Each structure stands twice: as C-alpha cells, then as structure tokens.
Amino acid sequence: MDVVGTPIIEALDGYRAQDPAEAADVRRVRELAGTAPDPWLRSNPVHATASALVVHPPSGRVLMRRHPGLRSWLLVGGHGDPGERHPLAVVLREGAEETGLTDLTPWPDASLVHVAVVPVPARGGEPAHEHADLRFVLATARPDDARPENPDAPLRWLTPAEAVENTALANVRDTIRRVERLLAAAGR
C-alpha cells in the first residue's frame, strides 16, 4: 500500500541519531510519517519539511540564506508542494528555487545528515507550529551562479566556522558542524 509518509520513513531507515535529543526527534518524525494522512500538510501542528546545507566541496564553503521572517541565516529548503512525498525531491526543488543553482546534487550521497524537530513562532496569521525537518547536503560545482530568490532573502558563501557564527539557531549550528566534518573527511 502506498502511504504518503513512506518516503520519509524510508529516508529514516538506517539513519543513526547522534544524541538522545535527536533520537527523540527521529521517533517523532517516524511517528508523524506513519500516522498522519499527509505529514507534509502545513495545517498539521507538526509537519514535515526538508532542508539542506549547500556546499562547494572544492572550496569547503557553505551557502547560507537569510530568512526574512526569522531574521537569521539558515539552510535552504522548506515545505513540500501538494503531492510531493519525497524529502530529497522537496529539498532539491526548494534549493534550486531559493538559490538559482541548477546543478544541485546530493553530497556525498543522498543520506540524511540531521533530523530536527524545530519550533516555529507564530507570524503572518500562521499559528506557532513545529517543523519535522529532514536535512541533507547538496553540492554545486558552480557557486558563482547562486542568485537569491528575492532581495529579502540574500545568499552568502561562508566557511563553516563563519556560518556557525552567523546563525542564531543552535540546531542549524549543529547541522553546519556535521557538514564541516564531512567536508574535512573529503579533504576540504
């Protein structure tokens, strides 16, 4: 039987949380994917999102996007469009839309790098809610092609250390540090 949450569960299969807090988040996301009629629906008080840190492996730099509503430098990504089910497809689409990069590809493979359930404050008529965020790494070979989706959401290439300093959110700093280790293992 084809269940809307199956691709989320498949992405989580084999993923190993790095600490007890993340293990609790993985359990919550797995439960959401297994029980919600559509875990991507924004009307759910907790709903699935997919994001990624975009990297340029030869330079070891990462691309951060200034989120206009949250006023912080964040990863690219976000909500699934109606009918989308696959977290990686969501983040590839969102990444291309938000950065203008047309060559984004999973790096070093299509595995999750982090799972985080994050609170989102109420704003713009939307109540406070939570994102069950599935995080990946995407690479580009053409970093100079990056263009912001709009002027209110600028992009910035940074070293991982600079990216950690420029984000206000601990969960994003955790993702950046994980990607920094991947870049170091790849010789960057």
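Let's start with Thr175, which counts as buried because its relative accessible area is 0%. Buried here means under 20% relative accessible area, exposed means over 50%, and partly exposed is in between (1.4 Å probe, protein chains only). Keep in mind that this is a predicted model, where local features need pLDDT of at least 70, side-chain atom pairs count only at pLDDT 80 or more, and totals for chains, interfaces and linings use all residues. Residues are numbered from 1 along each chain as its sequence is written, and side-chain values use heavy atoms, with hydrogens and water left out.

Thr175 sits in helix α5. Helices (H or I, at least four residues) and strands (E, at least two) are DSSP runs, numbered from the N terminus. The side chain of Thr175 makes a polar contact with the side chain of His114, at 2.5 Å. A polar contact is a pair of N or O atoms within 3.5 Å; within protein, one must be able to donate a hydrogen and the other to accept it, and residues adjacent in sequence count only if both atoms are side-chain atoms. Setting aside neighbours within four places in sequence, Thr175 is in contact (heavy atoms within 4.5 Å) with Leu75, Val113, His114 and Arg135.

Now look at α5 itself. Its buried residues are Val172, Thr175, Ile176, Arg178, Val179 and Leu183. They cover an arc of only 160° around the axis, so they lie on the same side of α5; the arc is that of the directions from the helix axis to the C-beta atoms. An α-helix has 3.6 residues a turn, so residues three or four places apart point the same way. On the other side of α5, you'll find Ala170 and Ala185 exposed. Just after the helix, Gly187 takes a positive phi of about 90°.

Next stop: the nonpolar cores. Such a core is a set of buried Ala, Val, Leu, Ile, Met, Phe, Trp, Tyr and Cys residues joined through side-chain atoms within 4.5 Å. The largest one has 30 residues, and Ile8, Leu12, Val29, Val54, Val115 and Leu134 have the most contacts inside it. Among the elements giving it two or more residues are α1 (6-12), α2 (20-35) and β7 (129-139). A second, separate core of 18 residues includes Val62, Trp107, Ala163 and Val179.

Finally, find Pro87 in helix α3. Pro87 counts as buried because its relative accessibility is 4%. Leaving aside neighbours within four places in sequence, Pro87 is in contact with residues including Ile8, Trp40 and Leu134.
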